[in-house]
Amino acid sequence: MEPFRIKAVEPIPFPSRAQRRRALQDAGFNLFRVPAAAITIDLLTDSGTSAMSAAQWAALMVGDESYAGARSYQRFEQVVRELTGYAEVIPVHQGRAAERILLGRLLRPGDLSVSNTHFDTTRASVEAAGARAVDLPAEAVGPVAFGGDLSVPALRDLLTGPDGGSVRCVVVTVTNNAGGGQPVSLGNVVAVRELCDRHGVTLLLDASRFAENAYLITERDPAQAGRPPRDVAREVFALADGCWASLKKDGIANIGGLIALRDADLARRCRDQLIAVEGFPTYGGLAGRDLEALAQGLLEVTDPDYLRYRAQTTRWFGDRLADAGLPVLQPTGCHAVYVDAAALLPHVPPHRLPATALANELYLAGAVRVSELGTLVFGRPDPDGGDDLPAPRELVRFALPRRVYTKSHLEYVVETAAEVVAKATEIPGYRVVEQTGPLRHFTAVLAPGEPGGPAALPGRPAPDPTSPPRAPH
Ligand code: F0G
């Protein structure tokens, strides 16, 4: 059960079926464009959506808003140093700012960055530096304990092959969000460290969910059972040369990020860029009160009672969604349950966006918002104007904000899912009507059905062509 009780509450909206249909249509059938006021349960992301503790709210009040050398920075720096062991601590406003600053200083055109999986913003920062992002996830056959591992044989082959000299950094993303939220084992980080040492390559962590990864190590690796998750996290940090993190996840706060490094010269170059794009090095785009809330969050997040609750809730939720008939990826991690939309909707081909189709249907059935991790996010428009090039998998992610929803909220999501499963064969595919750029999923406008065919959802009125989709706010 939840290792906390609730002290502040926020009402949630209950839009009617007609309001949901209208909201989705006005949003161009893209859930990113649906206003939160039309969402009952929002499982779009676990990022920046956490509930803060009483201690974090109290910490806000002692925030020091001095421009330079604020007390709040010193507290943040001390907590991060104690946790990571890295001397150089640089705050930023969120994870992608850290990626842009750090990878932009480290990578040169033609370099390679290798990872278990680059998150989409990480890949964008690698490519912005003129470098190439190479994903080498370990091939998982069936459910495995550490499905987030980086493939050590593939990394060895790359480092000893003709492109070996171009590898500038290895990035281990813990947990592997884009790869199903699965943890990376301690043994894997040790093996990757050895290869990096042998070939003179920098090893970095994307530590956005470091605490959840550490907890899952203690659960799934018998040799680590019973260890405090904070000790395990420290050991993982000790194996790398530095890290960045979106603290909107395991900082249990609503905004924030960091870069932490051993290399003082690289840190100096990052700070020079930080001043140009984020702010002075002791606030980096954050208010002093944010730094206080983050410092407190970074202490709370490794509490074993909290992490046990988090892993158990996600497991329970995944099992109930599977009972309701959704093809759930097993084992579940901590921050989300992933569902295979292609297996549920075999009649919807990848270029008709089965993951989007499932996500939209969950919204129509119960104002539940989840995110698509399929062809809309990871596929690419065909340069020759044909069908979209499909993503490797058509996943839907039910992300769980930290300390926000109770068991009865999640039971409601399970009931909604059962309703959707019952009419799975009727769920229509979608096509992209308007899109821009490599992160097209945030703003794309979609329509149900085939090009030139009826654009209506089955059993529902056709969209009103005189009512164009509203721009996102
Ligand atoms: N790295 C990982 C592993 C992430 O999951 C994210 C964000 C980032 C970096 C970027 O951090 O959003 O603070 O700029 N993931 C969010 C998600 C958006 O929903 O999974 P950011």
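Q: Are Phe210 and Phe237 buried or exposed?
A: Both Phe210 and Phe237 are buried in this predicted model, where buried means under 20% relative accessible area, exposed over 50% and partly exposed in between (1.4 Å probe, protein chains only). Residues are numbered from 1 along each chain as its sequence is written, and side-chain values use heavy atoms, without hydrogens and water. Because the model is predicted, local features need pLDDT of at least 70 and side-chain atom pairs count only at pLDDT 80 or more, while totals for chains, interfaces and linings use all residues.

Q: What makes the rings of Phe210 and Phe237 a pair, and why is the pair called tilted?
A: A search of the whole structure finds nine aromatic pairs. In the pair of Phe210 and Phe237, the ring centres are 5.6 Å apart and the planes stand at 50°. Rings of Phe, Tyr and Trp (its six-membered ring) pair if their centres lie within 6.5 Å, with planes under 30 degrees apart called stacked, over 60 edge-to-face and the rest tilted, so the pair of Phe210 and Phe237 is tilted. Phe210 belongs to helix α8 (residues 210–220) and Phe237 to helix α9, so the pair ties together parts that are 27 residues apart in sequence; helices (H or I, at least four residues) and strands (E, at least two) are DSSP runs, numbered from the N terminus.

Q: Why are helices α3 and α9 called roughly perpendicular?
A: Helix α3 (residues 71–84) and helix α9 (residues 229–239) pack at an angle of about 80°, and their axes, which are lines fitted to C-alpha atoms over the stretch in contact, are 7 Å apart. Angles run from 0 to 180 degrees between N-to-C directions, and those under 35 degrees count as roughly parallel, over 145 as roughly antiparallel, 65 to 115 as roughly perpendicular and the rest as oblique, so α3 and α9 are roughly perpendicular to each other. Val79, Glu82, Leu83 and Thr84 of α3 make the contact with Arg230, Arg234 and Phe237 of α9, contact meaning heavy atoms within 4.5 Å.

Q: How do you know that Lys249 is buried, and which residues does Lys249 touch?
A: Its relative accessible area is 13%, so Lys249 counts as buried. Lys249 sits in the loop between β7 (242–246) and β8 (257–261), and, not counting residues up to four places away in sequence, Lys249 touches Asp46, Ser47, Ser50, Ser208, Arg209 and Arg402. An unreviewed UniProt entry places the feature "modified residue: N6-(pyridoxal phosphate)lysine" at Lys249, although such annotations may be inferred rather than shown by experiment.

Q: Why is Pro304 called partly exposed, and why is Thr332 called buried?
A: Pro304, which is in helix α12, has a relative accessible area of 36% and is therefore partly exposed. Thr332, in the loop between α12 and β9 (336–340), has a relative accessible area of 7% and is therefore buried. Leaving aside neighbours within four places in sequence, Pro304 touches Tyr215 and Pro229, whereas Thr332 is in contact with Gln182, Arg220, Thr314, Arg315, Gly318 and Val337.
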